[in-house]
Structure formats: C-alpha cells, structure tokens
Amino acid sequence: MPTVTFNKKELFKLIGKKLSDEEIKEIVNRLKCNIEEIGKDEIKLELTADRCDMFIMEGFARCLREFIGFDSKEIKVYNSNFVIKREEVPVRPFIACAIVRDVKLDEEMIKYLMNVQELLHETIGRKRRKAAIGLHDFDKIEGKIEYRGASRNEKFTPLGEKEEMSLLDVLVKTEKGRKYGELIINANKWPVFADERGIFSFPPILNSERTKITENTKNMFIDVTGTDENTVKHVMNILVLLFGERGYRIEGVRIKGKREIFTPTWIEKPIEIEKGEIEKILGESFSDSEIERLLRKMGYKVFVGKKSIIAIAPPYRFDIFSEADVIEDIAIAYGYGNFTPELPNVFTKGEVLEIEKICNDVRELLVGFGFQEIVRPILTNEEIQFKKMLIKGNAIKLKNPVSELYTQTRTWLLPSLMDFLSKNTNEPYPQRIFEIGDVVMPDENSETRAKEIRKVAAAIASSGSFFAEMKKIAIEIAKKLGKKLEFKNDSHPSFIEGRFARMYSDEEEVGFFGEINPLVLENFKVYTPVAALEMKILEFNP
Amino acid sequence: MQYVLTEEGEKYLKNGLPEKNLVLYLEKFGKAPISDLEKEIENFDIALLWAKKKGWVELKFNELVLIKKPESFPEEDALRKIKENRIEEVDESMIKLLLQRKLIQKVVYEHLEKLKGKEVTVLTSELIKSGYWREVKIKRFDANIPPAEIYGGKIHPYIKVIREIREFLVGLGFKEVKGPLIEINFWNCDALFMPSDHPAREIHDIFFIEGEGKVKEKKIWEEVKKIHKKRWGYWDEKLAKKLILRSQCTAVSARILAKTRKLPLKIFTIDRVFRPDVIDAKHFIEFEQCEGIVADKNLNFKHLLGYLKEIAKVFGGEDVMFKPSYFPFTEPSVEMYVKINELGWVEAGGAGILRKEVTQPLGINVPVLAWGLGIGRLAMLKLGISDIRFLYSDNLKWLREV
C-alpha cells in the first residue's frame, strides 16, 4: 500500500475549502485511506492499491471535494491536431501522448511532478515495465515527433549528462540505465521518441537533457509507454487528471501507425446496475434520488432508468469494472458506520478439527509430565536439520529465501528442539520441552509434491539417563492417539549407539526415541545429556 | 506409635489364645475335670484366668463348666491387625490390654532415640509413625528466604490464545478446516482473482519453491483462466502452476469453496502462512492467520458487519468501527477496528463479500462473506508483548516466566 505526503495548504487550495484536522480525519476515515500522520503543514496518508487516482494530490482533492458535496469542474481533452508517427516497437508496443498548454512550473512543482512520476512508475507502472512516463518541454521539440525502434549505437544526450552517449552506453553507464536496462536489453530495437533534431526520449530509461522541463517551460509534452495497453491508458489519464484539476488545457494527439488512435483515451465508463441488486448486496434500500446523491459524492454521473441505474465512472477510475465496484462506492458514500450490523439466521454447528482435539490431549499430557511447550518456525536450514544431526536428508527448498537461517521446510521436529536447547544453555536444568507442529516431506504423488505431517517431539536435557522415561512417555502419548506401540532396537546417527529404538504401531513406523549422540550435542554446544522422542500424529494430503 | 507382637503374642496368634483353646475344648464336652485340662490345654493357668474373667466358665467342684459361649475373640483379631500393620483399626483400650498381657510391645528406635530433644529439619514418615515427632523440635523456616526455582510444564502462551480463538469461533457456529502449507499458486492467488502481475505475487511477497503443482479441478482451472483473460487481458498459466509456500489462508477458503455443494457453509481455519519479509519486531517470515467464510443465500453487507461485530468480541472490545478497504478478491471490502480501553482503536482484521469473479469459477452462486482476523496482533495484545518474534520465541526463560 503506497504512502503519500501532501502539503495541506496546497491541498485546501485545490479542494477550494479549508478543512480542520478533525474534519479531514472524519472524511478520510470514511474513505479508502488511512492517516499515518497529520502535522501542521503536511498530511501523510496510506492509500489502497486500487485507487491510483488518489495517489496524486489533485485526485485526492477532487475526491474530497466531491465527497463533501462540492462540484468539480469537468476535465476536457481538446484536439491539438498534432500527429505522431509510430513504428511497431515490440518491446514497448503501447504508447499514449498528450500536450499540456500554458503550464506554470516552479521548483516545488517540478519536484512534485518527479515524485508523482516515481510513485506511478513503482506502483501501477510495475517498476516501469507496464508503463513509464516522460515529461518534456514541448517548445524545445522541433518539427514532427516519431516513436520508433532505434539501434543501440544511436546517440543522444540523456538527462543530467553533458555529452552525447550511445543508447548502449546509456544502459551501461547511467544509474537509470543499469536499473531499468533489463526491461529492453534483449530487444533488437530499442524504443525512442525523436524529432527533427534526433532522439529526445529513451523510454523507459531516460529523457533528454535538451527537452527537460524547467521553470521556464510553458507547454509540456507527455509520453507514456509500456507493455500493457490498459496500464498505459490508466497512467496517462491520471496525468490528465493532475493537469486538468489545475486548470491547464490538455490537448490530445493522433498517433499514426498501422492504425490511427487518439490519445489520451479520456473516456467515461458507464456501468448499468439493476436497482434490486443494490439492496440485495447492501441489505439497505435507497430511493433513486438517494442513490443519485451518493454516486455523485463518489464522482459519478448518474442516469436513473426505470429498472436500472447507469453509473458513469470518471475516466481516471480504472478500478471500476463491474456492478460490485459501483455498489461498494454507494456503500462508502452512505458510510460504513451507517449500516446496522445484523446476524442472519444461518444455523450451523461449530466444530473443532479432530486433529486439534487430539493435539490438545497430547499437549496436556506432556504438560502434566512437566514439559514446557515451544512453538518454532517451520522454516529451517540444512545445517540445523541435517548436518548438525549427522544425517543426510531431502527437504523442500525456497527459491527466494530472505535469510540463510530459513532456507527450507523442516522434515522433522527434533532439530528444532535441539536448536532451542542450544540457545538456552544458561538456563537452569533440567529442561523439559516439547513441540507439536507440522513438518513437510517431498512426495511426488501429491498434487503439491509434498505431504505434511503433524508430529510431536519432546526432549529432556538433564544429567542422568532418561531412556526409560522417554519410552514410558511415548507409550502414554500413543495411548492418547489410540495406538499400541511395539519397540525395536536400532541405530541412528543422531543417537547414541545402543540407546535408540523405533516405534511401530500396526506394522507402521510411527516414531523413535533415544539418547542424543554426544557428537550432536557438541554440534549444538549443548553440554548436558539429552533424551528425546518424536512421533507422528497425523498425515495430511491436500 | 508403633507396636510389635511379643514372642508370646506371636505364639498365641499362631496357635490361638489359651482361653480360646480352652473354650473350644469345653465346647466339645460341656465340662471337663481340671486335671485333664491341665494336660490338654497349654498355658492352662492363663486360660483359666481370662476365661473366668470374661465370665465364660465356672468351677464346679473339680470340674470346669462352659457357661457362656463367646461370640468372638477380640484380642486375637487385634493381634492379627497389629501384625498386619493395621493398628489404626485397633482401639486404644485393646492396645492397653494387650500391653498388660505382654502380648505386644512398643517398638524401640535406637536412632530415633538419639534425636530426642533435638532439632530436625525434615519431618520423616518414620518420625510420624513412631510418634517420636513429639520428642523432637521441628526446625523453623523463614518464609523470607528466596526459594530454589521450580519449573512446571506449561502450554505455550500463544497456543493458549489460539485455543481461545478456536473455541470462540466454534461457539459462533464455525467449523474448523485445514489446508496445505505447500500450495499451488493457483489456489493462493489466481482463484482469488489476483492478476498474474499483482504486486503481492512477486518474489518479495511469496516464497517460491521448485516445481509445478497439479490442479485436478480442470473445470475450475478453465473458468479461472477465462475470467482472468476477460478482466485482466492475460493470464500467466505457468505462474499459476508454480508451487509456493502459502502466503494467505484465503487459499484454504478457495479450496473449500471449490469442494462445497451444501449450504449454508460456515468455516474457519487458523494456520501458518509465509511471507519473505524483513525480519524485525513487527514482521516475521512465518505467522498465523485466522480466516473464515460464510456462504448462503440472501447474505448481504449488513450480515458481514454483523458477523464481524460478533467476531471482534474475541479482542475483548465491544465497540467496533468499519472502514472501506481493498482486497483483490472482495467487493465491498472492509477493515475492522476494535476499541480497546487503554489503546484506543486497534486494527482487528479485514473482510468483504467475495467478488463474483472469485465465486463463480468455483461453482458458487450465492454471496460469500469472507473475513480474516489479525490474530498475531491479538496474541501480542493479550500477552502484553511488542515483538512478534516472541510468539515463536527460542527464549526458555521467557516461556518459563510468562
């Protein structure tokens, strides 16, 4: 969820009304955003990912203005009659352009525009892949504009550089090039906008020094390019909202390629809703005029028909595509706090999972035997669960771990207990601990290539031999599981030779117990004898 | 006080009391001359003394006559009980009598004898049994001295909170379910209408593992594909097949809905999810989620708020506040806050009505109310801790003391 900071003075100027902190808080509480901080001059907000129009101050102001019942000026896109020629550039196939007239830019405004650009790039632009923005001084552009594929040796002077560079050098030598180069590097031809003097924009990497916007810029040229048509339109419309709210004249351009299109695609979206559907979903009935009032509060135009209502969403609302989206806006306008919560007559019997009941029995049994319960991560690492335990094994590994401590899922519980003991060697002994938890085993036959097993493991760290006590505890746990155990002496690298046994129930191996091999104790730096058991409780299959 | 049988007592217990033997002999003949009895009955003097005392026999000329047949021989019973360590069943007058007859004697403990008048630290069961506790001084203990630690076993505090939540939801009529930790991306994201390039699906938000899973529900697979292509314009089928560690328990709800044909449905799950976060006081890469759904005809937004209000009570606050929110799979979406006295409004969970784009491909044609509770936060509140890592603590000291 993005966080934005707006200047309160600027915001109130845009809204056309000064609001007290209390008023802002009350309105924001009813909308899809949260106040993180509200200071003397600034307000910091957390927004939801769907309302990109509110990411910019102008959109946020428009939303608040309409919500408190004020009218907004309609934003129009005029035709500039400007034509841009385009080639097919497969690596960035979608473009939209616009001209903004008579802008007034100061240092603050330019900084703000850069921030907006970054925010849109990071969020809906998906780090410039789906869409990236270029802002230019239109008066520095000479003659016709063309969008085309360029070879990597073509040159221009990128923003912030003094000399011409080849496009390849831009990718290799500039910071932005290194960061975003991977988006285009494998393509034959790289996307550029050029005028009669040559390249002035190299999306999605850098603009040119020649056409950069400054405090002297009067007219602005906007390019949006990307890999997703809808996102390119979306980003462009948010920019139209930004400049349109500020009262600037926005002119569209014709883009001529295989086919001709006019951008920006500033088109309102009508959604038809059956009247009954609103009450069905919200559980509240509204009169036609009420619905009209509520929708207007949310920036819609409304046509009320006999059986249905047509809600027309503004062109910058890309989160509206079905009835449910409009109905949610009706609920927001009405106020979530104004709905009376109701419990329906749905009669059902509650039930705890059988496995959880069994686990609780085992838990209480072990607590009775003086064991402290522990809860440990399911993620672990090779070192702890295999190497230190002196065994080899196969676990499900993460492809993108964030810490070397957590790289794979555990296949058994005992290493989690040993790791726990190793971290508590300064605590008084005896230490009796247990865990009831899930382990994951690779299983090619399962639909998720894994099976999950609920297990219990217990350990006693204390001087003396607790081999016999562990056996007794195992028998008691098995009783809770409705199992009768048989024991077979065996050997296991993690345990002392001659002090390890496997447990069977109905011919199936269900666990083991024994005294831990001093080599393993040394590996975990636990210098107290440890006896332990581990037993299966239940296997799950998805 | 402890007693043992004297040699005489032992003999009588084995062979019978003399007066008993006398009475049994007389029973056969009614009467007998003294001279005969002196030969037949061992310890006749004693037998005669006690039998006369008890009024069983009478001396007539030179013969002894049985005048009253005794019903029992209490001394013999008492001897047996003392022999069998059942002294508590013998009354004091009998003990006196047996002592007087020298059939029993007090046990003498030489080592306890030495303790007489001395101070002892430990009151032993021997001291109590022998009565010597009367003869010794029991050492006074100072309650101000710090004790040695005792560590009993305990259920993990987080598990206790989870159990409370579980019981609470069962009380509201919800049935518990469970789904796999290793999940197919399809159930975790695609079936929940999250577009293939949704930011929450990137490697920063989901742990990926090697390989692809198999979605057996072919029809649902096709329907999900259709809806993604229609709404988002594309669908990354390969991504949908990828195996991951479940990042949200909503995946469990999706699986259950896919199987559900019977309504109403009211289920919940409390289980672990995984996210590749930076590990700090507020984030851990594993945590528990609690999610539930209600599916039935005629459910609406007010019912969603109604359930949330009930569920919020587990936080211990009565006052709830609902705020608009956004989740890819619900519309309308709600965020719930609960007022907790000393803390003010606390974020308690999220909820919404599942989008038709989610329910229809799963074959569900009724409204589905979905909610999730922030149980990590709830547990931290209840346990008064500010670091989430304590919930999975490796600190035994904390667990022993909490």
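In this predicted model, the search turns up three cavities of 30 Å³ or more. Here's how two of them compare:

Take the largest cavity to begin with. Its lining runs to 20 residues, and those nearest the centre are I436(A), R454(A), I159(B), R272(B) and E288(B). As for secondary structure, the elements giving two or more residues to this lining are α11 (354–368) and β22 (431–442) from chain A, plus α9 (157–171) and β12 (265–274) from chain B. Which element gives the most to the lining of the largest cavity? That's α9(B), with five residues.

Now for the second largest cavity. Its lining includes R51(A), D53(A), G59(A), R62(A), C63(A) and E66(A), and K297(A), M298(A), G299(A), P314(A), Y316(A) and R317(A) are on the list too. Helix α3 (residues 57–67) of chain A supplies the largest share here, at four residues.

So where does this second cavity sit? Both domain 1 (3–66) and domain 3 (269–338) of chain A give residues to its lining, so the second largest cavity lies between those two domains.

Technical notes: Residues are numbered from 1 along each chain as its sequence is written. Chains are lettered from A and ligands numbered from 1 in the order in which they are written. This is a predicted model: local features need pLDDT of at least 70, side-chain atom pairs count only at pLDDT 80 or more; totals for chains, interfaces and linings use all residues. Side-chain values use heavy atoms; hydrogens and water are left out. On a 1 Å grid over the protein atoms alone, a cavity is a set of points where a 1.4 Å probe fits but cannot get out, and a pocket is an open set with protein on both sides within 12 Å along at least five of seven lines; lining residues have an atom within 4 Å of a point. Grid points are joined across faces, edges and corners, and a volume is the space filled by probe spheres set on the points. Domain bounds come from an automatic or database domain assignment.
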